[in-house]
Amino acid sequence: MNSFKETRDFILLCYDQGILNDEELLVLYEQYKSPSLDLPYSSYPLFDLDDMEDDECLAEFRVKKRDIAALAEALQIPDWISCNQRSKAEGTEALCMLLKRFAYPCRYSDMVPRFARPVPVMSMVTNEMLDYIYTVHSHRIINWNPAVLNPQALQTYAQVISQRGSPLQTCFGFGDGTVRPIARPDNNQRIVYNGHKRVHALKFQSLALPNGLIGHLYGPVEGRRHDAGMLWDSQLLQSLQMFAFNLHGQPMCIYGDPAYPLRIHLQAPFRNGVLTPQMQAYNSAMSEVRSSVEWLFGDVINYFKFLDFKKNLKIGLSSVGKMYVVCALLRNALTCLYGNQTSEFFELHPPSLQDYFA
(Lines give C-alpha, C1' and ligand atoms only; values in the text may rest on other atoms or scores of the structure.)
Protein backbone atom coordinates (compact mmCIF):
# COMPACT_ATOMS: atom_id res chain seq x y z
CA MET A 1 0.00 0.00 0.00
CA ASN A 2 1.38 3.38 -1.01
CA SER A 3 1.97 6.09 1.58
CA PHE A 4 0.15 9.42 1.48
CA LYS A 5 3.34 11.08 0.21
CA GLU A 6 3.80 8.56 -2.61
CA THR A 7 0.16 8.98 -3.63
CA ARG A 8 0.45 12.77 -3.70
CA ASP A 9 3.65 12.53 -5.75
CA PHE A 10 1.82 10.29 -8.25
CA ILE A 11 -1.05 12.82 -8.45
CA LEU A 12 1.43 15.62 -9.21
CA LEU A 13 3.06 13.47 -11.90
CA CYS A 14 -0.34 12.83 -13.54
CA TYR A 15 -1.06 16.56 -13.47
CA ASP A 16 2.32 17.35 -15.01
CA GLN A 17 1.59 14.90 -17.85
CA GLY A 18 -1.83 16.46 -18.47
CA ILE A 19 -3.84 13.48 -17.24
CA LEU A 20 -5.50 15.61 -14.53
CA ASN A 21 -6.86 19.15 -14.80
CA ASP A 22 -6.62 21.86 -12.14
CA GLU A 23 -9.88 21.00 -10.41
CA GLU A 24 -9.13 17.28 -10.27
CA LEU A 25 -5.67 18.04 -8.88
CA LEU A 26 -7.05 20.12 -6.02
CA VAL A 27 -9.70 17.55 -5.10
CA LEU A 28 -7.39 14.54 -5.18
CA TYR A 29 -4.44 16.27 -3.52
CA GLU A 30 -6.62 17.42 -0.62
CA GLN A 31 -8.23 13.99 -0.32
CA TYR A 32 -4.88 12.25 0.10
CA LYS A 33 -3.46 14.75 2.54
CA SER A 34 -1.86 12.99 5.49
CA PRO A 35 -3.82 13.32 8.76
CA SER A 36 -0.52 13.58 10.63
CA LEU A 37 1.93 16.42 10.52
CA ASP A 38 4.28 15.69 7.64
CA LEU A 39 7.72 16.40 9.10
CA PRO A 40 11.03 15.68 7.35
CA TYR A 41 12.16 13.28 10.08
CA SER A 42 14.41 11.42 7.64
CA SER A 43 16.55 14.53 7.27
CA TYR A 44 17.65 14.33 10.92
CA PRO A 45 20.39 12.01 12.21
CA LEU A 46 19.31 8.88 14.05
CA PHE A 47 19.32 9.02 17.83
CA ASP A 48 22.70 8.28 19.36
CA LEU A 49 23.18 8.86 23.07
CA ASP A 50 26.96 9.04 22.64
CA ASP A 51 26.56 12.17 20.50
CA MET A 52 24.81 14.07 23.29
CA GLU A 53 26.52 16.25 25.87
CA ASP A 54 26.09 15.63 29.59
CA ASP A 55 24.17 18.88 30.09
CA GLU A 56 21.83 18.00 27.21
CA CYS A 57 20.97 14.63 28.77
CA LEU A 58 20.28 16.14 32.16
CA ALA A 59 18.11 18.91 30.71
CA GLU A 60 16.13 16.72 28.32
CA PHE A 61 15.89 13.43 30.23
CA ARG A 62 16.40 14.49 33.90
CA VAL A 63 19.13 11.86 34.08
CA LYS A 64 22.88 12.30 33.72
CA LYS A 65 24.35 10.70 30.64
CA ARG A 66 26.48 8.25 32.58
CA ASP A 67 23.45 7.02 34.56
CA ILE A 68 21.03 6.28 31.69
CA ALA A 69 22.50 2.84 31.06
CA ALA A 70 22.30 2.04 34.80
CA LEU A 71 18.67 3.19 34.90
CA ALA A 72 17.78 1.06 31.86
CA GLU A 73 19.46 -1.95 33.47
CA ALA A 74 17.68 -1.43 36.80
CA LEU A 75 14.33 -1.10 35.04
CA GLN A 76 15.11 -4.27 33.08
CA ILE A 77 14.40 -2.50 29.80
CA PRO A 78 14.53 -5.06 26.95
CA ASP A 79 16.92 -4.60 24.03
CA TRP A 80 14.04 -3.73 21.71
CA ILE A 81 10.56 -2.29 22.18
CA SER A 82 8.07 -3.50 19.55
CA CYS A 83 4.73 -1.88 18.70
CA ASN A 84 1.60 -3.54 17.36
CA GLN A 85 2.20 -2.27 13.82
CA ARG A 86 5.78 -3.69 13.91
CA SER A 87 7.66 -0.46 14.54
CA LYS A 88 10.67 -1.08 16.74
CA ALA A 89 12.95 1.05 18.89
CA GLU A 90 16.09 0.19 20.80
CA GLY A 91 15.36 -0.07 24.53
CA THR A 92 17.52 2.84 25.70
CA GLU A 93 16.13 5.06 22.94
CA ALA A 94 12.56 4.20 23.97
CA LEU A 95 13.38 5.03 27.60
CA CYS A 96 14.83 8.38 26.53
CA MET A 97 11.67 9.09 24.52
CA LEU A 98 9.56 8.52 27.61
CA LEU A 99 11.82 10.66 29.80
CA LYS A 100 11.83 13.53 27.32
CA ARG A 101 8.07 13.35 26.88
CA PHE A 102 7.49 13.66 30.64
CA ALA A 103 10.31 16.10 31.40
CA TYR A 104 8.41 19.03 29.91
CA PRO A 105 5.02 19.51 28.20
CA CYS A 106 6.37 19.15 24.67
CA ARG A 107 4.62 17.82 21.57
CA TYR A 108 5.80 14.72 19.77
CA SER A 109 6.60 16.92 16.79
CA ASP A 110 9.09 18.79 19.00
CA MET A 111 10.90 15.49 19.57
CA VAL A 112 11.43 14.73 15.87
CA PRO A 113 14.84 16.48 15.62
CA ARG A 114 16.12 14.42 18.56
CA PHE A 115 14.82 10.96 17.60
CA ALA A 116 14.31 11.25 13.79
CA ARG A 117 11.10 9.21 13.88
CA PRO A 118 7.53 9.88 12.70
CA VAL A 119 5.17 11.32 15.30
CA PRO A 120 2.85 8.24 15.37
CA VAL A 121 5.80 5.91 15.93
CA MET A 122 7.13 7.97 18.85
CA SER A 123 3.67 8.03 20.37
CA MET A 124 3.32 4.25 20.16
CA VAL A 125 6.85 3.58 21.43
CA THR A 126 6.34 5.91 24.38
CA ASN A 127 3.07 4.24 25.31
CA GLU A 128 4.65 0.79 25.03
CA MET A 129 7.46 1.88 27.36
CA LEU A 130 4.96 3.40 29.80
CA ASP A 131 2.97 0.15 29.88
CA TYR A 132 6.13 -1.93 30.29
CA ILE A 133 7.46 0.02 33.31
CA TYR A 134 4.04 0.03 34.95
CA THR A 135 3.49 -3.70 34.41
CA VAL A 136 6.94 -4.80 35.58
CA HIS A 137 7.67 -2.34 38.41
CA SER A 138 4.50 -0.68 39.70
CA HIS A 139 4.21 -3.24 42.51
CA ARG A 140 7.23 -1.59 44.13
CA ILE A 141 5.22 1.52 44.85
CA ILE A 142 1.53 0.56 44.85
CA ASN A 143 2.02 -2.41 47.21
CA TRP A 144 3.81 -2.73 50.54
CA ASN A 145 7.48 -2.99 49.52
CA PRO A 146 9.61 -4.97 52.02
CA ALA A 147 12.78 -3.66 50.36
CA VAL A 148 12.19 -0.23 51.92
CA LEU A 149 9.49 -1.02 54.50
CA ASN A 150 11.06 -3.78 56.60
CA PRO A 151 11.37 -3.69 60.43
CA GLN A 152 15.00 -2.55 60.36
CA ALA A 153 14.23 0.24 57.92
CA LEU A 154 11.16 1.39 59.87
CA GLN A 155 13.23 1.64 63.04
CA THR A 156 15.88 3.68 61.23
CA TYR A 157 13.26 6.02 59.75
CA ALA A 158 11.73 6.62 63.19
CA GLN A 159 15.14 7.41 64.69
CA VAL A 160 16.07 10.05 62.11
CA ILE A 161 12.60 11.64 62.27
CA SER A 162 12.90 11.83 66.05
CA GLN A 163 16.34 13.41 65.74
CA ARG A 164 14.82 16.18 63.62
CA GLY A 165 12.52 17.16 66.48
CA SER A 166 9.55 14.82 66.25
CA PRO A 167 7.97 14.23 69.67
CA LEU A 168 6.41 11.04 68.25
CA GLN A 169 9.09 8.39 68.71
CA THR A 170 7.45 5.67 66.61
CA CYS A 171 6.69 7.70 63.47
CA PHE A 172 8.46 6.33 60.38
CA GLY A 173 6.74 8.27 57.59
CA PHE A 174 4.06 10.73 56.57
CA GLY A 175 0.85 10.18 54.65
CA ASP A 176 -1.07 12.70 52.61
CA GLY A 177 -3.23 13.07 49.52
CA THR A 178 -2.61 15.23 46.50
CA VAL A 179 -5.00 16.65 43.92
CA ARG A 180 -3.76 16.54 40.32
CA PRO A 181 -5.76 18.74 37.89
CA ILE A 182 -6.84 17.23 34.58
CA ALA A 183 -8.66 18.50 31.50
CA ARG A 184 -12.40 18.82 31.94
CA PRO A 185 -13.92 15.55 30.66
CA ASP A 186 -16.84 15.48 28.27
CA ASN A 187 -18.82 13.10 30.47
CA ASN A 188 -19.22 12.59 34.23
CA GLN A 189 -17.66 15.92 35.05
CA ARG A 190 -19.08 16.09 38.56
CA ILE A 191 -17.41 12.82 39.54
CA VAL A 192 -13.90 14.18 39.05
CA TYR A 193 -14.63 17.74 40.18
CA ASN A 194 -12.86 18.73 43.39
CA GLY A 195 -14.88 21.43 45.12
CA HIS A 196 -12.08 22.43 47.51
CA LYS A 197 -9.54 23.14 44.75
CA ARG A 198 -12.27 24.00 42.21
CA VAL A 199 -10.72 21.92 39.47
CA HIS A 200 -11.44 18.67 37.68
CA ALA A 201 -8.86 16.32 39.07
CA LEU A 202 -7.65 12.89 40.07
CA LYS A 203 -6.39 12.23 43.59
CA PHE A 204 -3.47 10.17 44.83
CA GLN A 205 -2.34 9.18 48.31
CA SER A 206 1.32 8.71 49.12
CA LEU A 207 3.50 7.64 52.03
CA ALA A 208 6.67 9.73 52.25
CA LEU A 209 9.77 8.24 53.86
CA PRO A 210 12.65 10.25 55.39
CA ASN A 211 15.15 8.80 52.89
CA GLY A 212 13.34 10.73 50.14
CA LEU A 213 11.39 7.83 48.65
CA ILE A 214 7.67 7.46 48.11
CA GLY A 215 7.12 4.25 50.04
CA HIS A 216 3.53 3.66 48.97
CA LEU A 217 1.24 5.26 46.39
CA TYR A 218 -2.46 4.74 45.88
CA GLY A 219 -4.56 6.12 43.06
CA PRO A 220 -5.99 7.45 40.96
CA VAL A 221 -9.39 8.06 42.50
CA GLU A 222 -12.07 10.58 41.56
CA GLY A 223 -11.28 14.17 42.48
CA ARG A 224 -14.32 14.50 44.73
CA ARG A 225 -13.29 11.62 47.06
CA HIS A 226 -12.39 12.48 50.66
CA ASP A 227 -8.91 11.66 51.97
CA ALA A 228 -10.36 9.40 54.68
CA GLY A 229 -12.28 7.38 52.09
CA MET A 230 -9.19 7.14 49.90
CA LEU A 231 -7.21 5.87 52.92
CA TRP A 232 -9.73 3.09 53.52
CA ASP A 233 -9.83 2.03 49.88
CA SER A 234 -6.02 1.96 49.65
CA GLN A 235 -5.74 -0.91 52.18
CA LEU A 236 -2.80 0.97 53.71
CA LEU A 237 -4.22 0.68 57.23
CA GLN A 238 -4.50 -3.09 56.83
CA SER A 239 -0.90 -3.25 55.61
CA LEU A 240 0.25 -1.15 58.56
CA GLN A 241 -1.52 -3.48 61.00
CA MET A 242 0.23 -6.48 59.44
CA PHE A 243 3.74 -5.18 58.81
CA ALA A 244 4.41 -1.88 60.67
CA PHE A 245 6.52 -3.13 63.59
CA ASN A 246 10.15 -2.54 64.53
CA LEU A 247 12.70 -5.22 65.36
CA HIS A 248 11.33 -5.53 68.90
CA GLY A 249 7.72 -5.97 67.79
CA GLN A 250 6.70 -2.46 68.81
CA PRO A 251 3.95 -0.95 66.61
CA MET A 252 5.18 1.82 64.30
CA CYS A 253 2.99 4.54 62.84
CA ILE A 254 2.69 7.14 60.11
CA TYR A 255 1.56 10.71 60.68
CA GLY A 256 -1.21 12.23 58.59
CA ASP A 257 -3.31 15.34 58.37
CA PRO A 258 -6.45 16.05 60.47
CA ALA A 259 -8.65 14.35 57.85
CA TYR A 260 -7.30 10.93 58.89
CA PRO A 261 -8.75 8.89 61.78
CA LEU A 262 -6.64 8.07 64.85
CA ARG A 263 -5.31 4.52 65.03
CA ILE A 264 -2.37 2.80 66.67
CA HIS A 265 -0.52 2.84 63.33
CA LEU A 266 -1.91 6.18 62.17
CA GLN A 267 -1.50 9.40 64.14
CA ALA A 268 -2.76 12.91 63.43
CA PRO A 269 -2.50 16.35 65.03
CA PHE A 270 -4.64 17.40 67.97
CA ARG A 271 -7.83 18.97 66.74
CA ASN A 272 -11.21 20.20 67.96
CA GLY A 273 -11.83 21.92 71.26
CA VAL A 274 -9.30 24.03 73.16
CA LEU A 275 -5.68 23.08 72.62
CA THR A 276 -3.26 23.34 75.51
CA PRO A 277 0.21 24.85 74.96
CA GLN A 278 1.66 21.33 74.99
CA MET A 279 -0.78 20.22 72.30
CA GLN A 280 0.05 23.25 70.17
CA ALA A 281 3.79 22.60 70.59
CA TYR A 282 3.26 18.96 69.55
CA ASN A 283 1.32 19.99 66.44
CA SER A 284 3.95 22.57 65.52
CA ALA A 285 6.85 20.13 65.90
CA MET A 286 5.14 17.43 63.87
CA SER A 287 4.10 19.92 61.19
CA GLU A 288 7.74 20.92 60.70
CA VAL A 289 8.94 17.39 59.98
CA ARG A 290 5.79 16.48 58.07
CA SER A 291 6.47 19.14 55.42
CA SER A 292 8.68 16.57 53.69
CA VAL A 293 5.61 14.93 52.14
CA GLU A 294 4.83 18.16 50.29
CA TRP A 295 8.41 18.27 49.03
CA LEU A 296 8.00 14.83 47.45
CA PHE A 297 4.76 15.84 45.73
CA GLY A 298 6.63 18.86 44.38
CA ASP A 299 9.58 16.74 43.24
CA VAL A 300 7.38 14.54 41.05
CA ILE A 301 5.87 17.55 39.29
CA ASN A 302 9.07 19.62 39.10
CA TYR A 303 11.02 16.82 37.43
CA PHE A 304 8.20 15.63 35.19
CA LYS A 305 6.40 18.84 34.29
CA PHE A 306 4.22 17.15 31.69
CA LEU A 307 2.02 16.10 34.61
CA ASP A 308 1.37 19.76 35.40
CA PHE A 309 -0.01 20.55 31.93
CA LYS A 310 -3.63 19.67 32.56
CA LYS A 311 -4.84 20.46 29.03
CA ASN A 312 -2.98 17.36 27.82
CA LEU A 313 -4.23 15.13 30.64
CA LYS A 314 -7.49 13.84 29.19
CA ILE A 315 -8.98 10.78 30.84
CA GLY A 316 -10.36 8.39 28.25
CA LEU A 317 -7.74 9.47 25.72
CA SER A 318 -4.55 8.88 27.71
CA SER A 319 -3.51 6.84 30.76
CA VAL A 320 -3.37 9.79 33.16
CA GLY A 321 -3.29 7.71 36.33
CA LYS A 322 -0.68 5.34 34.97
CA MET A 323 1.48 8.31 33.97
CA TYR A 324 1.56 9.64 37.53
CA VAL A 325 2.41 6.23 39.01
CA VAL A 326 5.26 5.71 36.53
CA CYS A 327 6.59 9.24 37.10
CA ALA A 328 6.52 8.68 40.88
CA LEU A 329 8.46 5.45 40.33
CA LEU A 330 10.97 7.26 38.10
CA ARG A 331 11.25 10.00 40.75
CA ASN A 332 12.19 7.27 43.25
CA ALA A 333 14.83 6.07 40.81
CA LEU A 334 16.27 9.59 40.53
CA THR A 335 16.27 9.86 44.33
CA CYS A 336 18.31 6.65 44.51
CA LEU A 337 20.80 8.21 42.08
CA TYR A 338 21.01 11.79 43.31
CA GLY A 339 19.09 12.11 46.59
CA ASN A 340 16.65 14.98 47.15
CA GLN A 341 15.65 17.69 49.61
CA THR A 342 13.91 15.24 51.93
CA SER A 343 16.88 12.88 52.24
CA GLU A 344 19.17 15.84 52.89
CA PHE A 345 16.81 17.28 55.53
CA PHE A 346 16.75 14.03 57.49
CA GLU A 347 20.38 13.20 56.62
CA LEU A 348 19.43 9.71 55.50
CA HIS A 349 20.69 8.30 52.22
CA PRO A 350 18.26 6.40 49.99
CA PRO A 351 19.12 2.86 48.84
CA SER A 352 21.13 2.33 45.69
CA LEU A 353 19.34 2.02 42.38
CA GLN A 354 20.23 -1.67 42.18
CA ASP A 355 18.96 -2.41 45.70
CA TYR A 356 15.65 -0.61 45.14
CA PHE A 357 14.90 -2.47 41.89
CA ALA A 358 16.39 -5.79 43.01
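Biologist: Over how many bridges do strands S3 and S5 pair?
Modeller: This is a predicted model, in which local features need pLDDT of at least 70 and side-chain atom pairs pLDDT 80 or more, while totals for chains, interfaces and linings use all residues. Residues are numbered from 1 along each chain as its sequence is written, and side-chain values use heavy atoms, without hydrogens and water. Strands (E, at least two residues) and helices (H or I, at least four) are DSSP runs numbered from the N terminus, and two strands pair if DSSP finds at least two bridges between them. S3 (residues 171–181) and S5 are antiparallel, and their bridges number 8.

Biologist: How many residues of S5 are buried?
Modeller: Buried means under 20% relative accessible area, exposed over 50%, and partly exposed in between (1.4 Å probe, protein chains only). Val-199, Ala-201, Lys-203, Gln-205 and Leu-207 point one way from S5, and His-200, Leu-202, Phe-204, Ser-206 and Ala-208 the other way. Both sets are buried. For S5 (residues 199–208), the count is 10 of 10.

Biologist: Which residue in the turn between S4 and S5 has a positive phi?
Modeller: S4 (residues 193–194) runs antiparallel to S5, with 2 bridges. Asn-194 stands opposite Val-199. The hairpin leaves 4 residues between the strands, and the positive phi, about 60°, belongs to Arg-198.

Biologist: What is the positive phi of Gly-212 in the turn between S5 and S6?
Modeller: S5 and S6 (residues 214–222) are antiparallel and joined by 6 bridges. Leu-202 faces Glu-222 across this pairing. The hairpin has 5 residues between its strands, and Gly-212 has a phi of about 95°.

Biologist: How many salt bridges does a search of the whole structure find?
Modeller: A salt bridge needs a side-chain nitrogen of Lys or Arg within 4 Å of a carboxyl oxygen of Asp or Glu. One network links Glu-56, Glu-60, Lys-100 and Arg-114. The search total is 11.

Biologist: How far apart in sequence are the parts tied together by Glu-56 and Arg-114?
Modeller: The closest N and O atoms of this salt bridge are 3.6 Å apart. Glu-56 lies in helix H3 (residues 54–61) and Arg-114 in helix H6 (residues 112–115), so the parts tied together are separated by 58 residues.

Biologist: Is Glu-60 buried or exposed?
Modeller: Glu-60 meets Arg-114 in a salt bridge, 2.9 Å from N to O. Arg-114 is partly exposed, at 21%. Glu-60, at 18% relative accessibility, is buried.

Biologist: In which helix does Glu-93, the partner of Arg-117, lie?
Modeller: The two form a salt bridge at 2.9 Å between closest N and O atoms. Both Arg-117 and Glu-93 are buried. Arg-117 lies in the loop between H6 and H7 (119–137), so the pair ties together parts 24 residues apart, and the helix of Glu-93 is H5.

Biologist: Which element gives the most to the lining of the second largest pocket?
Modeller: The second largest pocket has about 340 Å³ of space. Its lining counts 15 residues, with Arg-101, Asn-312, Leu-317, Ser-318 and Met-323 nearest the centre. H5 and H7 are the elements giving two or more residues. With 5 residues, the element giving the most is H7.

Terms used:
On a 1 Å grid over the protein atoms alone, a cavity is a set of points where a 1.4 Å probe fits but cannot get out, and a pocket is an open set with protein on both sides within 12 Å along at least five of seven lines; lining residues have an atom within 4 Å of a point. Grid points are joined across faces, edges and corners, and a volume is the space filled by probe spheres set on the points.
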